[in-house]
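Keep the viewer open as you read and look up each residue as it comes along.

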Amino acid sequence: MVDDDLELERDIGEATIVYEEPDEETVQKTVPNEHIAYFQDHWIIKTGEDEEGRDIVRRVPAQRVHYVERTVDEFAEEVETLVDQVQSFASDLRTKIPVGGGGGSDGGERPEPHRIDVESGEPNESGDRPE
């Protein structure tokens with residue numbers, strides 16, 4: 001069973017984060033990859049558990065972080081995970097903010113573009129250039 005636990009730890013990998021504390025002291029922490037995440041412009045680090053088994057986390061603003069270094073089994077797999085996260089975020093944004101296509105969010109028709117006769121500078125009734 002101990003060998004299985006060691007194998008699991010190797011598969012998870014580790015992350016080292018280097019950041020500035022408010023007193024400008026530089027801190028370096030190494031944690032399992034599953035104990036660190038980036039969310040809403042903050043790095044979130046699990047630092048322990050309380051007496052009741054609840055996770056204790058520290059949120060570090062992104063602007064205070066010098067770097068985060070992770071060990072991963074395959075770089076391509078890590079990049080794929082990041083791409084999936086970005087696509088998920090973009091999908092969430094599209095549901096919150098309608099973008100392009102389909103004639104607008106109110107179901108009405110798109111207005112015709114305003115056309116100007118470039119020779120006279122005046123619009124004509126059909127929007128076409130005079131012949």
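1. Let's start with Lys46, which sits in strand β4. Its side chain has a polar contact of 3.3 Å with the side chain of Glu49. Setting aside residues up to four places away in sequence, Lys46 touches Val31, His35, Asp55, Ile56 and Val57. One thing to bear in mind throughout: this is a predicted model.

2. Now zoom out. The protein chain has 2 helices and 6 strands, and from the N terminus on they come in the order α-β-β-β-β-β-β-α. The chain has 131 residues, of which 16% count as buried. Its accessible surface is about 11000 Å², with 48% of that belonging to carbon and sulfur atoms. If you take the contacts between residues at least 6 apart in sequence, 32% of them join residues at least 24 apart.

3. Back to β4 and its partner. Strand β4 covers residues 42–49 and strand β5 covers residues 55–61; the two run antiparallel and are joined by 7 bridges. To see the pairing, look for Ile44, which stands opposite Arg59 in β5. The hairpin leaves 5 residues between the strands, and there Gly53 takes a positive phi near 85°.

4. Which residues make up the largest nonpolar core? There are 10 of them: Ala15, Ile17, Tyr19, Val27, Val31, Ile36, Trp43, Ile45, Val60 and Val65. Strands β1 (14–20), β2 (26–32) and β4 are the elements that give two or more residues to this core. The largest share, 3 residues, comes from β1.

5. Leaving out residues up to four places away in sequence, Val60 touches Tyr19, Asp41, His42, Trp43, Ile45 and Val65. Among these, Tyr19, Trp43, Ile45 and Val65 are core residues too.

6. Next along from there is Pro61, also found in strand β5. Pro61 counts as partly exposed because its relative accessibility is 22%, while buried would mean under 20%. Apart from neighbours within four places in sequence, Pro61 is in contact with Asp41 and His42. Try the distance to Glu20 as well: Pro61 and Glu20 are 41 residues apart in sequence and 9.6 Å apart in space, C-alpha to C-alpha.

7. Is Asn33 buried or exposed? Asn33 lies in the loop between β2 and β3 (36–39), and with a relative accessible area of 11% it is buried. The side chains of Asn33 and Arg70 are joined by a polar contact of 3.3 Å. Not counting residues up to four places away in sequence, Asn33 touches Ile12, Gly13, Glu14, Ala15, Arg70, Thr71 and Val72.

8. Finally, two backbone angles to check. Most residues other than glycine have a negative phi. Glu24, in the loop between β1 and β2, has a positive phi near 70°. Gln40, in the loop between β3 and β4, has a positive phi as well, near 50°. Glu24 counts as exposed because its relative accessibility is 65%, and Gln40 is exposed with a relative accessible area of 54%.

Technical notes: Residues are numbered from 1 along each chain as its sequence is written. This is a predicted model: local features need pLDDT of at least 70, side-chain atom pairs count only at pLDDT 80 or more; totals for chains, interfaces and linings use all residues. Side-chain values use heavy atoms; hydrogens and water are left out. Two strands pair if DSSP finds at least two bridges between them. Helices (H or I, at least four residues) and strands (E, at least two) are DSSP runs, numbered from the N terminus. A polar contact is a pair of N or O atoms within 3.5 Å; within protein, one must be able to donate a hydrogen and the other to accept it, and residues adjacent in sequence count only if both atoms are side-chain atoms. Contact means heavy atoms within 4.5 Å. A nonpolar core is a set of buried Ala, Val, Leu, Ile, Met, Phe, Trp, Tyr and Cys residues joined through side-chain atoms within 4.5 Å. Buried means under 20% relative accessible area, exposed over 50%, partly exposed in between (1.4 Å probe, protein chains only). Accessible areas come from the Shrake-Rupley method with a 1.4 Å probe; for residues, only the protein chains shown count as cover.
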